[in-house]
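Okay, thanks for making time, everyone.

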Amino acid sequence: MAVPAFEAALDALSHVELEAVLVTDHDGVVLLRAGEGAEDASIQRMAASYAQTTEHVSSKMQLGKNKLVAAMYENAVVVHASCPPLVLTLKAAAGSNLGLMMDAAPQAVAALQPLCRSAEAVSTTS
């Protein structure tokens, strides 16, 4: 079951002040969310624009598929991880340990694979 593995990946972030964890599709539709900041519409828009922008740019530059993007803002640190056709977004307080967030993201993405496969199956039958 993916839930314990996903929880274990997030437990690795216990020293990070996570404000939001989102799993969205590439259009920004929220499938899962947790944290006080998860209701913020700006983080949802950010996840959607990440997916669309990075796919577009990486295909033009022939860099291959994007796996992870980190951004540091004045008030937050955000990590977006690609889990096609989904996106995992982690938002933490400014000054949070970005290295821990980037280390935990691949484990969380791996734990989300059953959900990703289900979302892929739904999108191909639609």
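Let me start with a question: which residues point one way from β4, and which the other way? A76, V78, H80 and S82 go one way, V77, V79, A81 and C83 go the other, and all are buried. By buried I mean under 20% relative accessible area; exposed is over 50%, and partly exposed is in between, with a 1.4 Å probe and protein chains only. In general, side chains in a regular strand alternate between the two faces of the sheet. Here 8 of the 8 residues of β4 are buried, so the strand is largely enclosed by the rest of the structure.

Quick housekeeping. This is a predicted model, so local features need pLDDT of at least 70 and side-chain atom pairs count only at pLDDT 80 or more, while totals for chains, interfaces and linings use all residues. Numbering starts from 1 along each chain as its sequence is written, and side-chain values use heavy atoms, with hydrogens and water left out. Helices (H or I, at least four residues) and strands (E, at least two) are DSSP runs, numbered from the N terminus.

Now the sheet. Two strands count as paired if DSSP finds at least two bridges between them.

Let's go back to β4 and look at its neighbours. On one side, 5 bridges join β3 (residues 68-72) to β4 (residues 76-83), and those two strands make a hairpin with 3 residues between them. In that pairing V69 stands opposite H80, and A71 has V78 as its bridge partner. Then there's β5: 8 bridges join β4 to β5, again antiparallel, with V79 partnered by L90. That's a hairpin too, this time with 2 residues between the strands. Have a look at the loop there, which is where P85 is found. The peptide bond joining P84 and P85 is cis, with omega about 5°.

On to β1, which is joined to β5 by 7 bridges. A20 stands opposite K91 in that pairing. And what does K91 form a salt bridge with? The partner is E19, with the closest N and O atoms 3.7 Å apart. The cut-off for a salt bridge is a side-chain nitrogen of Lys or Arg within 4 Å of a carboxyl oxygen of Asp or Glu, and the structure holds 1 of them. The pair links distant parts of the chain, with E19 in β1 (residues 18-25) and K91 in β5 (residues 86-93), 72 residues apart. E19 is partly exposed at 26% relative accessible area, whereas K91 is buried at 15%. Beyond its neighbours within four places in sequence, K91 has contacts (heavy atoms within 4.5 Å) that include D40, I43, V78 and M101.

M101 takes us to the core. The largest one has 24 residues, and F6, L13, V79, L88, L90, M101 and L112 touch the most other members. At least two residues each come from α1 (2-11), β1, β4, β5, α3 (98-111) and α4 (113-125), and α3 gives the most, with 7. There's also a second, separate core of 5 residues, including A20, L22, A38 and I43.

Last stop, the disulfide. There is 1 in the structure, defined as a pair of cysteine sulfur atoms within 2.5 Å. What does C83 join to? C116, with S to S at 2.1 Å. The link is right-handed, with 105° about the S-S bond.

Conventions:
A nonpolar core is a set of buried Ala, Val, Leu, Ile, Met, Phe, Trp, Tyr and Cys residues joined through side-chain atoms within 4.5 Å.
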